[in-house]
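Here is my note on the model, as numbered points. Please read it with the structure open.

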Amino acid sequence: MTTLSHTNRRSMLRLMAASATAPLILPRRLLGASAPSNKITMGFIGIGWQGGGNLKAFLQQDDCQVVAMCDVDETHLKEAVGKANERYGNQDCKGYKDFRELLARKDIDAVCISTPDHWHAIQAIAAAQAGKDIYCEKPLSHTLNEGIAMVRAAQKNKCIWQTGSWQRREGLFRWAVELVQNGYLGKVTRVEVGLPAGHNDFGKTGKELPDGPVPPGVDYDFWTGPAQMMPFNPCRFHKNWRWNYNTGGGQLMDWIGHHCDIAHWGLANPKYGCGPDDAVGPLTVSATAEYPPKDAVWNTATRYRVECVYPNKVDVVIAGGYDEIKSGAKWYGPNGWVSVTRGTIDASNRQWIREIQDREKKGDLDIQLFKSPGHQQEFLDCVRSRKRTLTPVEVAHRSQTPGHLGHIAALLGRTLKWDAAKEEIVGDPEASKLMGKQMRAPWKV
Ligand SMILES: NC(=O)c1ccc[n+]([C@@H]2O[C@H](COP(=O)([O-])OP(=O)(O)OC[C@H]3O[C@@H](n4cnc5c(N)ncnc54)[C@H](O)[C@@H]3O)[C@@H](O)[C@H]2O)c1
């Protein structure tokens, strides 16, 4: 079998994108056994709740073909392989338990990673090193140090990267950000980011079930991976792993990649905000949080408030469980405010909302943001063109940084100084140590 190296596959895809007027159809054998001519070939790692949603979206795209799946739960794996094979009317999609076998396939261009947070860094870095482009779920990483390592690996291997922070594809969020970036508020002085509080029982397990046997077909050791081995408990398993710090980051980290991501996007024009959203970071972070007992099944913070000062004198508050901080992102400036959340945009002057849409249509905005053709489609377009996506790894990492820092500040009960350029906590070795976490052997980043 003749297959192209990753670099050659990438160059070939770019060439095909550039030759839109005279499409170049390549023989299937050149691009790998399971690649029908010029389609982008994809593998999926983690196909649970969100992975299933991502799979559905990618299966609808005609310019890619999902050729491999990986999950450590046989039931999820079988179902996902079946969906792909049904969609394509063949048996070409293969299933794997070990993501390293999937990544070793040279005929796969890109991967979609939707595993629990504690796996993202290991799998994404391995994917980058294997020359894959990456669609990875938010929050980018389980610890701050993992996020830093992921950015380095993606940059070193020139990966095209899309994060699952899909709110950037939506008109409402884009209009709100355009209002802020085009100076309707004047210089922004304050931003409120409202996230959920408590715990959601996504897995419908409650949190009271006793430890129990591992379900058939699940490799629990592989599921636990770099996290600490704990007895199997259904309340810490599928979906509800996010409510235990061993594997997730609670509501703060589950949501920061959505609304704080939008807040940073609004601040990206240095004239009115504080600088590009792929490099911005707070100067200081202080926080309070209410934590259940450490040994509770669900031990992540139920109520929290993170107060940051950003460059250019912007105060950013990120909170869950405070009535006055409403869900979404809200920017304030001398001329008023703009707020946005899923399904709702509002402003102190509502005429601005109509105006921004009209001006966008006429093309007369100073800062006109990219209109996404859809989060998955945009990723595939960028895989071909090698352009940056709307939510590249650097942006995702910066969007979640204040959440990681807020958790550390709340645990220690003191204000942290952050050097965003060096990505270091200044003068606090104890806090700096909490930027990382010991991984269970043999896993390491
Ligand atoms: N973008 C969004 O709107 C959105 C929404 C929900 C979840 N998410 C994110 O998606 C990710 C997955 O969350 P979920 O709710 O779907 O979790 P889930 O528990 O439903 O699914 C995770 C899947 O990963 C599998 N898995 C675990 N370890 C694995 C390994 N080593 N190799 C392969 N597969 C493995 C599990 O068996 C399971 O099938 C999380 O990072 C979460 O934050 C994003």
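1. Ligand shell. Gly-46, Gly-48, Trp-49, Gln-50 and Gly-164 come nearest to the ligand, out of 29 residues around it. A residue counts as near if its C-beta atom, placed from the backbone, lies within 6 Å of the molecule. The elements giving two or more residues to this shell are α3 (49-59), α6 and α9 (220-224). The most, three residues, come from α3. Helices are DSSP runs of H or I with at least four residues, strands are E runs of at least two, and both are numbered from the N terminus.

2. Basis. This is a predicted model, where local features need pLDDT of at least 70 and side-chain atom pairs count only at pLDDT 80 or more, while totals for chains, interfaces and linings use all residues. Residue numbers start from 1 along each chain as its sequence is written.

3. Shell make-up. By class, the shell around the ligand holds twelve nonpolar, ten polar and seven charged residues. Here Ala, Val, Leu, Ile, Met, Phe, Trp, Tyr, Cys and Pro are nonpolar, Asp, Glu, Lys and Arg are charged, and the others, Gly among them, are polar. Domain 1 (6-166) and domain 2 (168-370 + 394-433) each supply at least three residues to the shell.

4. Domains. The assignment gives domain 1 (6-166) and domain 2 (168-370 + 394-433); such bounds come from an automatic or database domain assignment. Their centres, taken over C-alpha atoms, are 26 Å apart. The contact involves 25 residues from domain 1 and 30 residues from domain 2. Contact means C-beta atoms, placed from the backbone, within 7 Å. On the domain 1 side, α4 (74-88), α6 (117-129) and α7 (144-156) each give two or more residues. The largest share, five residues, is from α7. By class, that side has twelve nonpolar, eight polar and five charged residues.

5. Six-stranded sheet. This open sheet runs β3-β2-β1-β4-β5-β6, with parallel pairing. Two strands pair if DSSP finds at least two bridges between them. β3 (94-96) and β6 (161-163) are at the edges with a single partner strand each, so one side of each has no neighbour in the sheet. The twist averages 20° from one strand to the next. β1 (residues 40-45) and β2 (residues 64-70) pair over six bridges, with Ile-40 opposite Cys-64 in β2. α3 lies across β1, β2 and β4 (110-113), at about 155° to β2. Axes are lines fitted to C-alpha atoms, for helices over the stretch in contact, and angles run from 0 to 180 degrees between N-to-C directions.

6. Nine-stranded sheet. The order is β13-β12-β11-β7-β10-β9-β8-β14-β15, in an open sheet with mixed pairing. Its edge strands, β13 (344-347) and β15 (424-425), each pair on one side only. Helix α8 (residues 171-181) packs on the sheet, touching β11 (328-333), β12 (336-341) and β13, at about 160° to β12. Helix α10 (residues 250-266) lies across β7 (190-195), β9, β10, β11 and β12, at about 150° to β7.

7. Around β9. Seven bridges join β8 (residues 284-290) to β9, antiparallel. β9 also pairs with β10 (residues 314-320) in the antiparallel sense, over seven bridges. Glu-307 is the bridge partner of Ser-286 and stands opposite Val-317 in β10. Val-306 stands opposite Ile-318 in β10. In the hairpin of β9 and β10, three residues lie between the strands, and Asn-312 takes a positive phi near 65°.

Terms used:
Contact = placed C-beta atoms within 7 Å.
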